[in-house]
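Subject: Structure for you to look at

Hi,

Here is the structure I promised to pass on.

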Amino acid sequence: MSQKDPCQKQACEIQRCLQANKYIESKCEDVIEAMRQCCRFHAGEKSVCCSGFVKEQKEQESCK
């Protein structure tokens, strides 16, 4: 039995927000930030939803 993705709820909220706001990301910054926080919190777990956010975080860290 597979385990539910720990950040799936936040990923769904991002999709709902983007759809409601004609895919204007700036109008969904709060839900996107909530997703980033969830992905940071669950960094050691397998999360398909966080794959893009983990990549983004690693790229930002390598630029420092």
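On one side of α1, the residues Lys9, Arg16, Gln19 and Ala20 are exposed. By exposed I mean over 50% relative accessible area, while buried is under 20% and partly exposed is in between, using a 1.4 Å probe and protein chains only. Helices here are DSSP runs (H or I, at least four residues), and strands would be E runs of at least two, numbered from the N terminus.

Before you go further: this is a predicted model, so local features need pLDDT of at least 70 and side-chain atom pairs count only at pLDDT 80 or more, whereas totals for chains, interfaces and linings use all residues. Residues are numbered from 1 along each chain as its sequence is written, and side-chain values use heavy atoms, with hydrogens and water left out.

Back to the helix. Gln10, Ala11, Ile14, Cys17 and Leu18 are the buried residues of α1. They sit on the same side of α1, because the arc they cover around the axis is only 125° (the arc is that of the directions from the helix axis to the C-beta atoms). As for length, α1 has 13 residues and spans 18 Å from first C-alpha to last, close to the 18 Å expected at 1.5 Å a residue; the expected span is 1.5 Å times one less than the number of residues. Just after α1, Lys22 has a positive phi of about 55°.

**The disulfides**

How many disulfides does a search of the whole structure find? It finds three, where a disulfide is a pair of cysteine sulfur atoms within 2.5 Å. Counting bonded cysteines along the chain, the pattern is 1-4, 2-3, 5-6.

- Cys7 and Cys38: the S to S distance is 2.1 Å, and the link is left-handed, with -95° about the S-S bond. Cys7 lies in the segment before α1 (8-20) and Cys38 in helix α2 (residues 29-41), so this pair ties together parts that are 31 residues apart in sequence. Cys7 is buried at 0% relative accessibility, and Cys38 is buried too, at 9%.
- Cys17 and Cys28: here the sulfurs are joined at 2.1 Å, and this link is left-handed at -100° about the S-S bond. The pair links distant parts of the chain, with Cys17 in helix α1 and Cys28 in the loop between α1 and α2, 11 residues apart. Cys17 counts as buried at 15% relative accessibility, and Cys28 is buried at 0%.
- Cys39 and Cys50: the sulfur atoms are 2.1 Å apart, and the link is left-handed with -90° about the S-S bond. It connects distant parts of the chain, Cys39 in helix α2 and Cys50 in the loop between α2 and α3 (51-62), 11 residues apart. Both Cys39 and Cys50 are buried.

Which cysteine sulfur is nearest to that of Cys12, which is in no disulfide? That would be the sulfur of Cys49, 6.9 Å away. Cys12 counts as partly exposed, at 33% relative accessibility. Cys49 is in no disulfide either, and the nearest cysteine sulfur to it belongs to Cys50, 6.6 Å away. Cys49 is partly exposed, with a relative accessible area of 25%.

Cheers
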